[in-house]
Amino acid sequence: MKQSLKNVMSDRMKLFIEDIKSAKWVIIAIITYFVFIRKFIMGFCPAVKILGVPCPSCGLTRAGLKVLQLDFKGAWELHPFIYAIILLVVLFVWNRYICLNKDMKWIQFLAVILLSGMCVFYIYRMFRYFPGEPPMSYYEGRIC
């Protein structure tokens, strides 16, 4: 029996709300972290604020904002892995909420590969650009 679009959307929304509820403590922890870091350390990245050096994900937030502004070249220059992350999120949403696929092991595998690639890229950028062009800059206002 075919379902109406309204019923299909309602089912998907229920699944999304269940996912949010099951991850509520993680979401609360992330929000708390960002509020604490922003309020007391005056920045988002603890590696930058504590050590003065960028972390593997430095530049991702700015790259994401560039994508939202449709500045794709600027996003690529800040952190090219923003496009892989966007693709991974789209794949996850497609498989979880459109195809209703519960087995997401391959998405987890892709996420591990993505994180590994980011670490290798970070090492490359540290040798090639540090301490120079943003986001691979040395920050004087560190705590340590």
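## An aromatic cluster

Phe16, Phe92 and Tyr97 form one aromatic cluster. The structure is a predicted model. Across the whole structure, a search finds 5 aromatic pairs. One of these joins Phe16 and Tyr97: the ring centres are 5.7 Å apart and the planes stand at 70°, so the pair is edge-to-face, as angles over 60 degrees are. This pair connects distant parts of the chain, with Phe16 in helix α1 (residues 5-22) and Tyr97 in helix α6 (residues 81-98), 81 residues apart.

Tyr97 counts as buried, since its relative accessibility is 11%. Tyr97 also pairs with Phe92, again edge-to-face, at 6.3 Å centre to centre and 85° between the planes. Phe92 has a relative accessible area of 31% and is therefore partly exposed. Phe16, at 39% relative accessibility, is likewise partly exposed.

## Where α1 meets α6

Two packed helices are described by the angle between their axes and the distance between the axes. For α1 and α6, the angle is about 120° and the axes are 10 Å apart. On the α1 side, the contact is made by Arg12, Leu15, Phe16 and Asp19; on the α6 side, by Arg96, Tyr97 and Ile98. The aromatic pair of Phe16 and Tyr97 thus has both of its members in this helix contact. Sorted by class, the residues of the contact of α1 with α6 are 4 nonpolar, no polar and 3 charged.

## Where α4 meets α6

Helix α6 also packs against α4, and here the axes come within 9 Å and cross at roughly 70°. Because that angle falls in the range of 65 to 115 degrees, α4 and α6 are roughly perpendicular to each other. From α4, the residues in contact are Leu60, Ala63, Gly64 and Val67. From α6, they are Phe81, Ile82, Tyr83, Ile85 and Ile86. The contact of α4 with α6 has 8 nonpolar residues, 1 polar and no charged.

## The largest nonpolar core

In soluble globular proteins, nonpolar side chains tend to be buried together. The largest nonpolar core of this model has 12 residues: Leu60, Ala63, Val67, Ala75, Leu78, Phe81, Ile82, Leu88, Met104, Ile107, Leu114 and Met118. At least two residues of this core come from each of α4 (60-68), α5 (72-78), α6 and α7 (105-129).

What does Phe81 touch, leaving aside residues up to four places away in sequence? Its partners are Leu60, Leu114, Gly117, Met118 and Phe121.

## Two loop residues with positive phi

Most residues other than glycine have a negative phi, and most peptide bonds are trans. Leu70 has a positive phi, near 65°. Where is Leu70 found? Leu70 lies in the loop between α4 and α5. Is Leu70 buried or exposed? With a relative accessibility of 61%, Leu70 counts as exposed, because the cut-off for that class is over 50%.

Leu100 also has a positive phi, near 55°. Leu100 belongs to the loop between α6 and α7. The relative accessible area of Leu100 is 42%, so Leu100 is partly exposed.

Conventions. Residues are numbered from 1 along each chain as its sequence is written. This is a predicted model: local features need pLDDT of at least 70, side-chain atom pairs count only at pLDDT 80 or more; totals for chains, interfaces and linings use all residues. Side-chain values use heavy atoms; hydrogens and water are left out. Rings of Phe, Tyr and Trp (its six-membered ring) pair if their centres lie within 6.5 Å; planes under 30 degrees apart count as stacked, over 60 as edge-to-face and the rest as tilted. Helices (H or I, at least four residues) and strands (E, at least two) are DSSP runs, numbered from the N terminus. Buried means under 20% relative accessible area, exposed over 50%, partly exposed in between (1.4 Å probe, protein chains only). A nonpolar core is a set of buried Ala, Val, Leu, Ile, Met, Phe, Trp, Tyr and Cys residues joined through side-chain atoms within 4.5 Å. Contact means heavy atoms within 4.5 Å. Axes are lines fitted to C-alpha atoms, for helices over the stretch in contact, and angles run from 0 to 180 degrees between N-to-C directions. Angles under 35 degrees count as roughly parallel, over 145 as roughly antiparallel, 65 to 115 as roughly perpendicular and the rest as oblique. Ala, Val, Leu, Ile, Met, Phe, Trp, Tyr, Cys and Pro count as nonpolar, Asp, Glu, Lys and Arg as charged, and the others, Gly among them, as polar.
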